[in-house]
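Please look over the sequence and the 3D structure, and keep both in view while you read. The questions that follow move from single residues to the chain as a whole and back again.

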Amino acid sequence: METWFYEVVSIDGDYAHLRRTDIASEDLKLVARALLPPQIMEGSKLKYELMQYELLNE
């Protein structure tokens, strides 16, 4: 089981642009907001595990 960590860089309508924070990467991942927790906003931290995104408490 792998776990990845992301930060929400921007929200564009029905999609969010995510950047991995557990590795050095400038690449952005485009994800449908329907797959993300509804309360996300720019700067939110997420954990991706078992094909689900979870909002992390900061």
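**Questions on the fold and its residues**

Q: In which loop is the place of Pro 37?
A: This is a predicted model, in which local features need pLDDT of at least 70 and side-chain atom pairs count only at pLDDT 80 or more, while totals for chains, interfaces and linings use all residues. Residues are numbered from 1 along each chain as its sequence is written, and side-chain values use heavy atoms, with hydrogens and water left out. Strands (E, at least two residues) and helices (H or I, at least four) are DSSP runs, numbered from the N terminus. With strand S3 at residues 28-32 and strand S4 at residues 45-49, Pro 37 is placed in the loop between S3 and S4.

Q: Is Pro 37 buried or exposed?
A: Buried means under 20% relative accessible area and exposed means over 50%, with partly exposed in between, using a 1.4 Å probe and protein chains only. Since the relative accessibility of Pro 37 is 12%, this residue counts as buried.

Q: Which residues does Pro 37 touch, not counting those up to four places away in sequence?
A: A contact means that heavy atoms lie within 4.5 Å. The C-alpha atom of Pro 37 is separated by 22 Å from that of Ile 23, 14 residues apart along the chain. With residues up to four places away in sequence left out, Pro 37 touches Leu 46, Tyr 53, Glu 54 and Leu 55.

Q: In what order do the elements of the chain run from the N terminus on?
A: The chain holds zero helices and five strands. Read from the N terminus on, its elements therefore run β-β-β-β-β.

Q: What is the radius of gyration of the chain?
A: The radius is taken over C-alpha atoms, and the globule rule used for comparison is 2.2 Å times the number of residues to the power 0.38. For 58 residues that rule gives 10 Å, and the chain lies close to this value, so it is as compact as a globular protein of that length. The radius of gyration of the chain is 10 Å.

Q: What percentage of the 58 residues in the chain is buried?
A: Along its principal axes, the C-alpha trace spans about 30 × 25 × 20 Å. Of the 58 residues in the chain, the buried share is 24%.

Q: How far apart are the centres of the positive and negative side chains?
A: Lys and Arg count as positive and Asp and Glu as negative, while His and the chain ends are not counted. The place of a charge is taken as NZ of Lys, CZ of Arg, CG of Asp or CD of Glu. With 6 positive and 11 negative side chains in the chain, the centres of the two sets lie apart by 1 Å.

Q: Which residues do ring pairs link into a cluster?
A: Rings of Phe, Tyr and Trp (its six-membered ring) pair if their centres lie within 6.5 Å, and planes under 30 degrees apart count as stacked, over 60 as edge-to-face and the rest as tilted. A search of the whole structure finds three aromatic pairs, among them the tilted pair of Tyr 48 and Tyr 53, with 4.6 Å from centre to centre and 45 degrees between the planes. Tyr 48 counts as buried at 16% relative accessibility, and Tyr 53 counts as buried at 12%. The cluster that ring pairs link together consists of Trp 4, Tyr 6, Tyr 48 and Tyr 53.

Q: What is the relative accessibility of Tyr 6?
A: Tyr 6 is found in strand S1, residues 3-12, and its contacts beyond four places in sequence include Leu 18, Lys 29, Leu 46 and Tyr 53. Although Tyr 6 and Tyr 53 are 47 residues apart in sequence, their C-alpha atoms are 9.3 Å apart in space. Tyr 6 counts as buried, at a relative accessibility of 5%.

Q: Near what value is phi of Met 51?
A: Most residues other than glycine have a negative phi. Leu 50, in the loop between strand S4 and strand S5 (52-55), has a positive phi near 55 degrees and is exposed, with a relative accessible area of 64%. Met 51 is placed in the loop between S4 and S5 and is exposed at 72%. Phi of Met 51 is also positive, near 65 degrees.
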